[in-house]
Amino acid sequence: MVAAMLGIAVVVLGALSQSRSDVSEPAAAGSALESAVVRDDSRVLGEPGSTDVTFVEFLDFECEACGAAFPIVEQLREDYTGDVTFVIRYFPLPGHLNAERAARAVESAARQGELEAMYARMYESQPTWGESREPKDDLFRSFAEEIGLDMEQFDADYASEEVADRVQRDVEDGRSLGVEGTPTFFVDGDLFQPETVEDFAQVLDEALAGE
């Protein structure tokens, strides 16, 4: 269960407290904001849930706090499978040299039906490439080869304006919502700011109970 992950709670929640100061007032309101949280083509981890409850994370694959949150989100996905829809939105931060590259690699894999494999590979390998001041294009390409992607298609997608624009659109949506730091979570379109690890399960339980 999520509560069993208290060992990493301090790391995650300490980083999230900083992220909370990085969420400013949104520039829009109402339905425009709701559509900015989840688009029709937003990337979904696993199968959509049977309810309307959505858990959305604006993330940066080079962000250590996102990496620490990864196992918590994975546990939530296991605990709430079939009920909650888990959505990721790309939000590479400008201070991370390889974050936008990583997002393009994940999006390129998603176009071949391998979103989860590349998403997991990025976080599992983050200690080996995060905070590097050297481009990691070749490393990310090697991940694609290991996953078994069509490399001609991967290379074309990775270098394409379409994929770059797709990542940038997520960034722009995040900014319209006031997101400036990662990870930033939304549940059913509302900003979710956890204080404890248990808060993750509580907010989803409450959302499901309100269905």
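How far is the sulfur of Cys63 from the closest cysteine sulfur, and in which residue does that sulfur lie? The distance is 3.4 Å, to Cys66, which is too far for a bond. The model is predicted, so local features need pLDDT of at least 70 and side-chain atom pairs count only at pLDDT 80 or more, while totals for chains, interfaces and linings use all residues. Residues are numbered from 1 along each chain as its sequence is written, and side-chain values use heavy atoms, with hydrogens and water left out.

**Cysteines**
- A disulfide is a pair of cysteine sulfur atoms within 2.5 Å, and by this rule the count is zero.
- Cys63 is buried at 7% relative accessibility, and Cys66 is buried at 1%; buried means under 20% relative accessible area (1.4 Å probe, protein chains only).

**Sheet**
- Five strands form an open sheet in the order β1-β3-β2-β4-β5, with mixed pairing; strands are DSSP runs of E, at least two residues, numbered from the N terminus, and two of them pair if DSSP finds at least two bridges between them.
- β1 (43-45) and β5 (190-192) are the edge strands, each pairing on one side only.
- From one strand to the next, the twist averages 35 degrees; axes are lines fitted to C-alpha atoms, for helices over the stretch in contact, and angles run from 0 to 180 degrees between N-to-C directions.
- β1 and β3 (residues 85-90) run antiparallel and are joined by three bridges.
- Arg43 has Ile88 as its bridge partner in β3.

**Helices on the sheet**
- Helix α3 (residues 64-79) lies across β1, β2 (54-59), β3 and β4 (184-187), at about 165 degrees to β2; helices are DSSP runs of H or I, at least four residues.
- Helix α9 (residues 198-209) lies across β2, β3, β4 and β5, at about 25 degrees to β4; contact means heavy atoms within 4.5 Å.

Terms used. Buried < 20%, exposed > 50% of the residue type's maximum accessible area, 1.4 Å probe, protein only.
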